[in-house]
Amino acid sequence: MNRADFVSIVAPIAQKLWKEGSGVLFPSVRLAQTILETGGTIHPWYNIVGYKVGSGALTAYWKGRSVNTSTWEVYNGVTQTVKANWRAYASIEDCLRDQDLLFQLDRYKDVREAKTPEDQAV
């Protein structure tokens, strides 16, 4: 999949969520974030936001399916290969809607209240 294909699939969903008022992220920020997380690849488990299983609390959009893969993390400035459990979704839209639930947490107040994509990215 090339970058144009990725954008042609994800951008309309990001715009739809924004237009209906359910999307927290500006479509441009959402698209940039998903490209950073995936390198422009859509895996069969549709997690394009890098959302790990975490506490395992189910949501309206994540039903508990997960995928375990190798990834990398940086600890104290050192990059290490680790295994991680990622949320697996039925669709890209479910993934993005689940991410919007995450952004309802208090710690993302500044993201929700940002008036521009630039401010939101900060």
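Two residues are said to be in contact when heavy atoms of theirs lie within 4.5 Å. Among contacts in this chain between residues at least 6 apart in sequence, 60% join residues at least 24 apart. The structure is a predicted model, in which local features need pLDDT of at least 70 and side-chain atom pairs count only at pLDDT 80 or more, while totals for chains, interfaces and linings use all residues. Residues are numbered from 1 along each chain as its sequence is written, and side-chain values use heavy atoms, with hydrogens and water left out.

The chain contains 5 helices and 2 strands, where helices (H or I, at least four residues) and strands (E, at least two) are DSSP runs numbered from the N terminus. Read from the N terminus, the order of elements is α-α-β-β-α-α-α. The radius of gyration of the chain is 15 Å, close to the 14 Å given by the globule rule for 122 residues, so the chain is as compact as a globular protein of that length. This radius is taken over C-alpha atoms, and the globule rule is 2.2 Å times the number of residues to the power 0.38. The C-alpha trace spans about 35 × 30 × 30 Å along its principal axes.

Of the 122 residues, 38% count as buried; buried means under 20% relative accessible area, exposed over 50%, and partly exposed in between (1.4 Å probe, protein chains only). The chain carries 14 positive and 13 negative side chains, and the centres of the two sets lie 4 Å apart. In this count Lys and Arg are positive and Asp and Glu negative, with His and the chain ends not counted. Each charge is placed at NZ of Lys, CZ of Arg, CG of Asp or CD of Glu.

P27 belongs to helix α2. Apart from neighbours within four places in sequence, P27 is in contact with A14, Q15 and W18. The C-alpha atoms of P27 and P117 are separated by 8.5 Å, although these residues are 90 apart along the chain.

Most residues other than glycine have a negative phi. With 31% relative accessibility, Y46 counts as partly exposed. N76, found in the loop between β1 and β2 (78-87), also is not a glycine and has a positive phi of about 50°. N76 counts as exposed because its relative accessibility is 83%.
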